[in-house]
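Subject: Model for you to look at

Hello,

Here is the structure I promised. Please open it alongside these notes.

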Amino acid sequence: MASTFRPLLFFLLLLPLSVTANPHKSKTLLKSSLLSSTTTSHLNDTPPTTYFEVTKPIRLPKTQPCVYPILHHDFGYTYGKPLVLTEYIPPSHCPSHDFSKIVLEWSATCKGRQFDRIFGIWLDGVELLRSCTAEPRATGIVWSVKKDITRYYSLLVKNQTQNLAVYLGNLVDRTYTGVYHVNITVYYYPAEKKFNDFESNLENLASGYGSRADLILPISRNFSLNDGLWFEIENSTDTQGKEIKIPQNVFRAVLEVYVSFHESDEFWYGNPPNDYLLANNLTDTAGNGPFREVVVALDGNVIGAIWPFTVVYTGGINPLLWRPISGIGSFDLPSYDIEITPFLGNMMDGKTHTLQFRVTNALNVWYIDANLHLWLDGKNTYTEGKLLQHQVMPLGISYSSYFKGLNGTFLTKANRSISSIGWVKSSHGKITTKAIQKFSYGNSMVMGNNGNVQMVNQEIRFDDSVQVKKPYAFSKANKSHKRFLIDLYSNDMDQGNRTYLSVANVTLGFNESKFGVRGAGFRMPVSSLENLQNGQGIKVVKNKLLVSGVGCTQQKYKYEGNKFCYFRNISSSNYTILNDEVGNACN
């Protein structure tokens, strides 16, 4: 470890900073920090720093887009105030109204001192983007997020006025001076060719991308709020949800779930078990152990689960790690799809049904909502279906620990599987759908040096498959294998004079492979993603003020698809890009 930090210590005093505590963050063993550069006379001559998240570019058609500036707004003191609303009407000036790609762009600038803030964008209650703001510096920052929102096509081209809502809860006062100046723009790219709707549906059952749902229902809160439209899950017994009634001619359904975690559970993967906290009288430290599971229920019955990726926000652990390269998923938090087509036979009875969410072991607070994507039979008023089989294996979780005082070792393991089979009869025939989710989890945590050192090693494996079959035809299945990693080392060292030195190493990994299976087992790769991020940081804190620090980040991103590949190898130190290699050649 010493060799890792010698170059960091060399740069330690190159970056004078000041920090104050965030009154809205709960105490955890891991910490978020606020920093801003010292104000000097030359700042007006310094250009703003561009922040970004490393991801593959969106594949765009060769057509020229119609550009629709939807919103410009300055988010000053917006905490606890109503959402920002604007009317959305599909653009009428486009020469074509048949679009093959629709892209949402969020662009923002900020200057001063400010914490990272979670925000969301909703259209008619359907969430389009969940993201985190970048933390500014005195010389200013700029960043943008582009997201392919084509999967919301039916909502985006609906020929009626809808409400586009944005919530970004920000504080502005003498301490927190940063105002976020935001522009939201949508780009509509005319189609180059037509799409085969039903075959596209079959080819994209697992993800929903590439096919267009005919109707999208929001599973979110109502607009009359001084907050986001997400549900707030405050503890492990808290259950939130919404009653819905779906049309009676649906032949496919996918629930897309947005998840983010904050305050006492922002670093849930590093939360120690309660027996350790109780034995050491740590009454003000977040606990409940390091395992979390988002559970989705229909009318009280579990139909799916999410074991989320450990997104680290832009102020998390050591803010200098994420400048200018943001943490994986922090600017575009992942959503998670659950195939619920097997349950349509129960839902298409013309009655109201309830979709609900809860989080195993949750502490305050989790923000969760969902979008229900529905495919309708255009030739029939009614379809019929039946749930043939539904099996929910109980959550298997084991926990072992050994500790003496504030030092100890803790091991947590968990596994779960959920499967369902059902058929739907429509004008496309009688199609049987089998959906399977499989999860495994391991977390090793070590506390040392009288509780000042913490080491966390966690891996989540999250596999799902969706198989469809028509009578007298070969089955088709889409499968996805996800692997989420986080390795963390943190060490707080007392330097005397009310000063401590905090060292942190962090590794984040988001890996996913997708492939199709046809007939008796012919496997066809669809795409693979390997996204690995390493960071090393040091910060010096005196009287609760962060007075100096350094952060270095390295990231390798590799995406391979059937027709498109992208590679990027990049590293940075203290706002400066050291190396950046980009390629798009497929092996």
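Four strands make up an open sheet, ordered β5-β10-β7-β8, with antiparallel pairing. Strands here are DSSP runs of E, at least two residues, numbered from the N terminus; two of them pair if DSSP finds at least two bridges between them. Five bridges join β5 to β10 (residues 162-168), in the antiparallel sense. Val84 has Val166 as its bridge partner in β10.

This is a predicted model: local features need pLDDT of at least 70, side-chain atom pairs count only at pLDDT 80 or more, and totals for chains, interfaces and linings use all residues. Residues are numbered from 1 along each chain as its sequence is written, and side-chain values use heavy atoms, leaving out hydrogens and water.

The average pLDDT (the predictor's confidence in each residue, from 0 to 100) is 90, and 90% of the residues score at least 70. Residues 1-26 stay under 50. Over residues 195-210 the pLDDT is also below 50. Where pLDDT is low, the predicted coordinates should not be read in detail.

Lys413 is partly exposed because its relative accessible area is 46% (buried is under 20%, exposed over 50%, partly exposed in between; 1.4 Å probe, protein chains only). Its C-alpha lies 7.7 Å from that of Ser440, 27 residues apart along the chain.

Best wishes

Terms used: Contact means heavy atoms within 4.5 Å.
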